[in-house]
Each structure stands twice: as C-alpha cells, then as structure tokens.
Amino acid sequence: MDHTDMGNKLSGGACGMCWGLTYVIARQGDRAQARICDCSVTCSVCGGRGHMLVEREETFSKKVGARKYEVLAPCACTLRTRRVARYNEVGLPGVVAHANFDNYRSAKPEQDRARSVAMQFSHQFDKKGPNTGFILSGPVGTGKTHLLAATLAHLVLEVGMQARYVEISLLYATIRRGFQDGKSGGEIIGPLSEVEVLAIDELGKGRGSPFEMETLDELIARRYNANRTTLFATNYSLEPERKSVRAANGYHSTEDTKSTLRGNELLNERVGERIYSRLCEMCTFVELPKDTPDRRRTRQEMESRTPQPAVAGRSGR
C-alpha cells in the first residue's frame, strides 16, 4: 500500500460517516470545517506514531548497483491531519460544507458542462503546474459556489494543495477594516497573491470605486504575473461585448434595450478591459443561461406547496 493513500484503506472499509474518505466536513458557524472521522482517529498502519518505515531503492554507484534501504516517512494519517488543517484555513462558507461533485444538481446541459469542467480541472490538476483555471458565470442560485467548494475540497484534501476562498465584497470590507488597524491593503492581499490556488467568488460585485478596482487589479495582476491558478464565479455575463437589441420591425426597441442593459450586464464592464483580458488567458469560460433556475427559490416554492400536517388536538369552528 502506498503510504500516501488517503482513502479507505486506512480504515479497513467505508464507514457510514465518512464513506471511506477518513475525514468529515461539516458546518461550524459560518465556516465549513473538516475533522478526522472517528473511524480513523487511531491509525491501524502506524499505531498512532505518525510515521512508518518505507522501503526505497536507488543506485548510488554503477559498480555496486541498485540497493534497497528503509527510511522513516510520514504515515498517511500524518498527511491527512495536515490536509485537514489546510482545509480549515481555506475559508469556505458553512452553507457549502456539504458540497461535492456527486450532489451537484443540474437543470440545464450547461450546468453539466460546468460540473465537467470543474471535475476535470480537479482530477487532472498538475501539482507542478501550470494549470488553467475556470470562471463560472450565471444567475444566482445556480450552483457556482457549490462547484468552487467541491473543487477546493478535492484539491486540498485529496491532492494536498494550499487554497483560499474569498468573496470579493467581503475582501474589500476586510481591507477597509484593516486600514483602521494600521494595516495596508498589500498586507492583506499578499497571502492571497501567493497561495497555490485561489477562488474568487462574486467577481464584479461592488460599487466599482477606485479603491475596489485598484484592489482587484493588484490581486489579479500579482497572480497573473506569477502564473498562479485562480478560479472565479460571477453573476455577470462573460460576453466580450453587448449584442444589439432590435424590435421585430428592425428598429431599436427602447424598452427591450433597457431590459437587456439591466439583465445582461457584462463582466468586462464591471472589472475593466485589463482584468478581463487577463481572465481570457487565465481561465476556461463557462456561462450558464439566464433562464437557469434558482435552486434555492425552487426548493422554497416546492416546500411551500407541500401540505402541512394538521395539528393534533385542535378542531375548526
């Protein structure tokens, strides 16, 4: 058995809590947090020592030839503990603690493509790099953050990468609070610039103030110049330019144009041509249709239509 195996080999089979992953992810407050599953707290491989002897073979001289020797190496349980700790530093919202690729529900073929892009990126990630990221665009409630969370969980817990998640408007707020404590924006952006994989959610959100644009430009420029992998999600269209809206008679429809301007805002108008151009090189673009249903609203509507059981002990008059 490979001593780096993080799967159910350590626990002797899949338990009903972690299903063989050896870790569990749950919501704790407003954050998603991971912990070692009860089935794997005591390691059956190293007996809790945290390391084990591993046999290796190398050729130190042509005359002597290949020789086998044993070295002390970290056990898989040690690697698992490190990865769980790394996951708890990612900063994923607690609402997506459950998110994985299997429980992502799609209502449109484009959502199936979004999941396929995220899964392919995750399972074919090259630790030596470089890796092209992806950007998901679509209406609210269509599972964009779900796919970001599933991707980061796989990269951190299964591949062993370092990653961070940030919602862009909360980043702006964090930097503003930092100013009150005497911190510069660069001190807060620095760690996000250097992390191996960064997911930026709600790209384009905000007032578009000079402060926000400069902050976003600096963060993306640093990552672009260092060729680091970045993932994005946005509610704004990825189209490079607006499409002309004409009425059936061939003339511009004022009302149609206004509706399109309100409902089809472009990301490049929100972030600027400089950032948009870099996104084109950094990411695979995936756009969900405007009519993709909001899963949260659909769920609420279904629950509201479900008949409620009668309260025992009461009778109408």
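Predicted model: local features only at pLDDT ≥ 70, side-chain atom pairs only at ≥ 80, totals over all residues.
**Entry 1: helix H9**

I began with helix H9, residues 273–282, and found that Ile275, Tyr276, Arg278, Leu279 and Met282 are buried there. Looking down the axis of H9, I saw these buried residues fall within an arc of 160°, so they line one face of the helix. On the face of H9 turned away from the buried side I found the exposed residues Glu273 and Glu281. What do the buried residues of H9 pack against? I listed E5, H6, E8, helix H8 (267–271) and E9.

The mean pLDDT of the protein is 85, and 83% of its residues reach 70 or more. Residues 1–12 are another matter: their pLDDT stays under 50, and the model gives them 37 contacts beyond four places in sequence. I also noted the stretch 255–262, where the pLDDT is below 50 and the model has five contacts beyond near neighbours in sequence.

**Entry 2: the five-stranded sheet**

Next I traced an open sheet of five strands, and I wrote down the order E6-E7-E8-E5-E9, with parallel pairing. Which strands stand at the edges? They are E6 (163–167) and E9 (283–287); each has a single partner strand, so one side of each is left without a neighbour in the sheet. On average, neighbouring strands of this sheet are turned by 15° against each other, with direction ignored.

I then looked at one pair up close. Strand E5, residues 133–137, pairs with E9 in the parallel sense over five bridges. Within this pair, isoleucine 135 stands opposite phenylalanine 285 in E9. Helix H2 (residues 109–123) packs on the sheet, where I found it touching E5, strand E8 (229–234) and E9. The direction of H2 makes about 160° with that of E9.

**Entry 3: serine 137**

I stayed in strand E5 to look at serine 137. Is serine 137 buried or exposed? Its relative accessible area is 1%, and buried means under 20%, so serine 137 is buried. The side chain of serine 137 reaches the backbone oxygen of tyrosine 236 at 2.7 Å. Setting aside neighbours within four places in sequence, I found serine 137 in contact with several residues, including Lys144, Thr234, Leu238 and Val286.

As background, most residues other than glycine have a negative phi, and most peptide bonds are trans.

I found that the peptide bond from glycine 129 to proline 130 is cis, with omega near -5°. Proline 130 lies in the loop between H2 and E5.

Threonine 22 has a phi near 75°, a positive value in a residue other than glycine. I placed threonine 22 in the segment before strand E1 (23–28), and at 0% relative accessibility threonine 22 counts as buried.

Asparagine 227 also has a positive phi, near 60°. I located asparagine 227 in the loop between helix H6 (210–225) and E8. With a relative accessible area of 54%, asparagine 227 is exposed, whereas threonine 22 is buried.

Methods:
Residues numbered from 1 in each chain as written. Heavy atoms only, no water. Pairing = 2+ DSSP bridges. Helix = DSSP H or I, 4+ residues; strand = E, 2+ residues; numbered from the N terminus. Axes fitted to C-alpha atoms, helices over the stretch in contact; angles between N-to-C directions. Contact = heavy atoms within 4.5 Å. Buried < 20%, exposed > 50% of the residue type's maximum accessible area, 1.4 Å probe, protein only. Polar contact = N/O pair within 3.5 Å; in protein donor to acceptor, adjacent residues only side chain to side chain. pLDDT = per-residue confidence, 0-100. Arc of directions from axis to C-beta.
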